[in-house]
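Please look at the model shown here and work through the questions that follow, reading each answer alongside the picture.

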Amino acid sequence: MDLEAEFERAVSGEQRVEPRDWMPDGYRKTLIRQIAQHAHSEIIGMQPEGNWISRAPSLRRKAILLAKVQDEAGHGLYLYAATETLGADRGELTENLVNGRQKYSSIFNYPTLSYADVGTIGWLVDGAAICNQVPLCRTSYGPYARAMIRICKEESFHQRQGYELLMTMMSGTDAQRAMVQESVDRFWWPSLMMFGPPDSESANTEQSMKWRIKRNTNDELRQKFVDMTVPQAEKLGVTLPDPALKWNPERGHYDFGQPDWDEFWQVVGGNGPANAQRVAHRRKAHEDGEWVRAAAAAHAARHARQEGVA
Amino acid sequence: MDLEAEFERAVSGEQRVEPRDWMPDGYRKTLIRQIAQHAHSEIIGMQPEGNWISRAPSLRRKAILLAKVQDEAGHGLYLYAATETLGADRGELTENLVNGRQKYSSIFNYPTLSYADVGTIGWLVDGAAICNQVPLCRTSYGPYARAMIRICKEESFHQRQGYELLMTMMSGTDAQRAMVQESVDRFWWPSLMMFGPPDSESANTEQSMKWRIKRNTNDELRQKFVDMTVPQAEKLGVTLPDPALKWNPERGHYDFGQPDWDEFWQVVGGNGPANAQRVAHRRKAHEDGEWVRAAAAAHAARHARQEGVA
Amino acid sequence: RADLFAYCLMLGDDALVLSQRLAEWCSRAPELEEDVALANIALDLLGQARLLLTRAGEVEGLGRDEDALAYLRDERDFRNVHLAEIECGPFAGGDFATTMARLLVFSTWKIAQYSALLGFADPVVAAVAAKGLKELAYHRDHAAQWVVRLGDGTDESHRRMQAGLERVWPFVEELFAAHPVEQRLGLDPAAYRAEFDSVIDTVLAAAGLKRPTSVPAARVNGRAGRDGVHTEAMGYLLAEMQHLHRSLPGATW
Amino acid sequence: RADLFAYCLMLGDDALVLSQRLAEWCSRAPELEEDVALANIALDLLGQARLLLTRAGEVEGLGRDEDALAYLRDERDFRNVHLAEIECGPFAGGDFATTMARLLVFSTWKIAQYSALLGFADPVVAAVAAKGLKELAYHRDHAAQWVVRLGDGTDESHRRMQAGLERVWPFVEELFAAHPVEQRLGLDPAAYRAEFDSVIDTVLAAAGLKRPTSVPAARVNGRAGRDGVHTEAMGYLLAEMQHLHRSLPGATW
């Protein structure tokens, strides 16, 4: 296959693939799956934080949170648009989500149980997402790379806001400090799981790296996240719930313990604390909106017909 | 008509009419209408107080309120049973309620806006109901009279509980006292309206008095209520919002102002502050329960058939 | 001054409470674009509310800031109109059509109200009105487009849109009833009723919908939202909104 | 003592939170008789909760009464099982069948739990258990009758009843997982799992329903309701329940 060889040469030469370029079927499918999963994560990710909008403890925090959740909807829109450049159908991807055929980031299957979780999600979850996503700004597929540049910029902003909320709470009352620590205790391990299983157990990594879709292994990114986060935790004054966490001067990295991978596989398999709730929520919104979308389509069709006649 | 004359003689001689006795059609219809309206009032009356069960400010108050609302459901049941002794069908009466063809006490078309309203409803609304209902314990139709005896006993208990709640609040904080006064301001006039329009405008009174269904005119009962309530208000330390309210030593009664009868007719006509909400709430519960009642009926029918076979 | 304080609360509470309601759609809208749009509108209104409540606190002069006014006032002291607080979806009591009916009515009325405030004596209120007008023009446009789309969509959407209008229409009269505070400030909402009607009629005509016939909601003792007398929905809204703030007294956020 | 305090909270919170949920049916039940029955059950549970929380306060010895514990504790300090707090109707997340499924599971489990407490070292807890058993027998009976009626009613009711069981089943495992507090008090919920299963199987057989297949709900970091880690529904329940009490500090009721 000349085309295939040409493609391989282009991507290994760091050239961008654009929608009209030829690409192998596997590349296209892998990308659609990965970008859709990312889009779904943004959409499902609206729920755990959205859960606190109505109860935000100050109007300023309410505005910040509402804007952030709105950004997530926006990210979902860019990413679905990127899949459409690959020939995917947004309606079909949504069906895949609400029917559980496609996944989203496992982190959103954990509940948000206090307002500190809003800060922790910003700090740890968005922080981990950024570690995952910064390399994707140089991913081989052009539209995806450009969407990621925009998204990463907004995510960094969200991460700073999350950290700032936690900082404010840590300098508040004892109750607020306890709330932050309790939240970090719950989210630390799930955050480490966001990088996926250890490289030894990761099925898709090798081909994706070759295609320049992925650029780092799960374990590399996880290490980078830990190295970045530990000093931030110290500055914040919270304890990360890992007794094995320790600076290793020889490696020049922090050593850390392993998350409970059984829990990870259970959550990925659909049985986390909130999987059923998240998908049911999305499905309900989708089904409740069916008549609205049908009406908009009917109106648009009638309007188009009338213009055609005129 | 011999039967009719016999009937008239019996009721004017204070004899009780029982289900199997002959009675004029008008008497039967008037009674069904009145008892059904009373039953509907108990059922709709669950809503304004039920509105506060989930938010009751102490567990003791929650228990008292829940028990009271439960009693109202119970009263509804006795009264529907009394209509059934007259040949009415409970399902049909419920349809009449949810379709707005039959009325209920206009007082329940006012919203409950603070916990003090729970006390005020007990004190003023149940108080007015008792004034209306005590004479009905001697009403000519036996099953109705007996239901009223039981209901009046429970209503008196509720009234004392309501008054006790207000007393407790009045000896509490300034905020609590203000809450009570504000609540009494809202409920005073609607309570006076509970006795119906002035005698001069009341259509049904005369025949009902002759049949010994009713035993006092609206205005007589209203006066009795005012005379009873004013000293209670003084003891409580609240101001009744009627500048015309004053002891009249010549009449031996309190003089008082007239409620806004335009408002009364508007509320009775279906356009009070909460009419639409109350009926919609009832209708929704009725419709949502349809499949449950259908299932119970199907199960009972199958069970009966199987027993017949065995 | 007391009148200006009260008036700032009226305007601020209208915006705050409707913002709270609209934000309930977040992650529940019929399409993703609408999640973005409704959040945007809720944010605009929240922004207006913050400026107005802050101004109210300054005028009052007792040191209450926007949060003290939003979180530590009791229901009786909220002065928003009923239209802002009633449930119009996504939960019980409404749907997307009802939400759009309310938004159309609310923003059409607010535009007229803010327009009348452009030369208002208090410069902060006048400035909020000026800035708010641009935002509200977008809100009204957005709502009007949906009302037309749904009115002229399918049979079901037409039926729902008409029902949504009937549901909110009883709360229109309150919008144009001058409150004593407004009267003393020289403001008369009745003055822009005709303008309101004409905008609504235009939208309804384009949508093929009928002017609603539901009668105005009755007042309680002559009082309504502007007097702090609300509907039963308001208490639940405030319980949810205020609970966390009240649970941690003395906390800073 | 700390263990006994915690255990009283566990039992008291189970009863309080389920009572709160059941009372939501008030004025919303499928028939009037059921309004009465559900209110009755909610009252029984509320009564148990009051005795148990009062006892918790006594054991703690810091002067907290039933109201301080019900209204002024934060979510993290509530120790009820998730089964009590999840939404099973009349609002989102359930219907009458789901409510009956939960009530059957809850009361069957509670009967076994209270039976095991009849000889418990703390006489107050033992007495509450003894009194509670009579009430719970009625609750279980009531729920079982409905489960049978709905399982063996119409196609729709059968489908809903099975779905209701599937909805609550993930929360069963937590009921039988011994918490360290229970272990230290010498209590082992696992001991009555077989009894529970046999009662449930009997009812399901009579109803023509299948044993649910939904998998147990995952814990968060190994923790669940008994550790104060709840579902997202809990915060809303507490906001509504506690708001008024917290809004008037120092008030007596």
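Buried means under 20% relative accessible area, exposed over 50%, and partly exposed in between, computed with a 1.4 Å probe on protein chains only. Residues are numbered from 1 along each chain as its sequence is written, chains are lettered from A and ligands numbered from 1 in the order in which they are written, and side-chain values use heavy atoms, with hydrogens and water left out.

Q: What ipTM does the predictor give the complex, and what is the mean pLDDT of chain C?
A: Where pLDDT is low, the predicted coordinates should not be read in detail. In chain C, 100% of the residues reach 70 or more. The predictor gives the complex a pTM of 0.96 and an ipTM of 0.96, and the mean pLDDT of chain C is 97.

Q: Is D:Thr108 buried or exposed?
A: D:Thr108 lies in helix H5 of chain D, residues 96–116, where helices (H or I, at least four residues) and strands (E, at least two) are DSSP runs numbered from the N terminus. Leaving aside residues up to four places away in sequence, D:Thr108 touches D:Arg140, D:Phe196, D:Val199 and D:Ile200, contact meaning heavy atoms within 4.5 Å. Because its relative accessibility is 2%, D:Thr108 counts as buried.

Q: How much area do chain D and chain B bury between them?
A: The size of an interface is often given as the accessible area lost when the parts come together; here buried area is the accessible area (1.4 Å probe) that two parts lose on being put together, summed over both. In this interface 46 residues of chain D are in contact with 47 residues of chain B. D:Ser27, D:Leu32 and D:Trp253 supply 20% of the area that chain D buries against chain B, more than any other three residues. Carbon and sulfur atoms give 67% of the area that the two chains bury between them, which is about 4,000 Å².

Q: Which element gives the most to the side of chain D that touches chain B?
A: Across this interface the rule finds 17 residue pairs in polar contact, both at pLDDT 80 or more, a polar contact being a pair of N or O atoms within 3.5 Å; within protein, one must be able to donate a hydrogen and the other to accept it, and residues adjacent in sequence count only if both atoms are side-chain atoms. The elements of chain D that give two or more residues to this side include helix H1 (2–23), helix H2 (32–60) and helix H6 (123–151). With 11 residues, the element that gives the most is H2(D).

Q: Which residue of chain D meets B:Arg90 in a salt bridge?
A: Side chains of opposite charge can pair when their charged atoms come close. By the rule used here, a salt bridge is a side-chain nitrogen of Lys or Arg within 4 Å of a carboxyl oxygen of Asp or Glu, and 2 of them are found across the interface of chain D and chain B. At 2.8 Å, N to O, the side chain of B:Arg90 meets that of D:Glu33.

Q: Which residue of chain C meets B:Glu182 in a salt bridge?
A: Between chain C and chain B about 1,400 Å² is buried, with carbon and sulfur atoms giving 49%, and 15 residues of chain C are in contact with 19 residues of chain B. The rule finds 2 salt bridges across this interface. In one at 2.9 Å, N to O, the side chain of B:Glu182 meets that of C:Arg76.

Q: Why are B:Glu182 and B:Arg186 separated by about one helical turn?
A: The side chains of B:Glu182 and B:Arg186 meet in a salt bridge at 2.8 Å, N to O, and both residues are buried. They are separated by about one helical turn because, in helix H7 (residues 174–193) of chain B, they are 4 residues apart.

Q: How many residues apart are C:Arg73 and C:Asp13?
A: C:Arg73 forms a salt bridge with C:Asp13, the closest N and O atoms being 2.7 Å apart. The pair links distant parts of the chain, with C:Arg73 in the loop between helix H3 (66–71) and helix H4 (82–85) of chain C and C:Asp13 in helix H1 (residues 2–23), and the separation is 60 residues.

Technical notes
pLDDT = per-residue confidence, 0-100.
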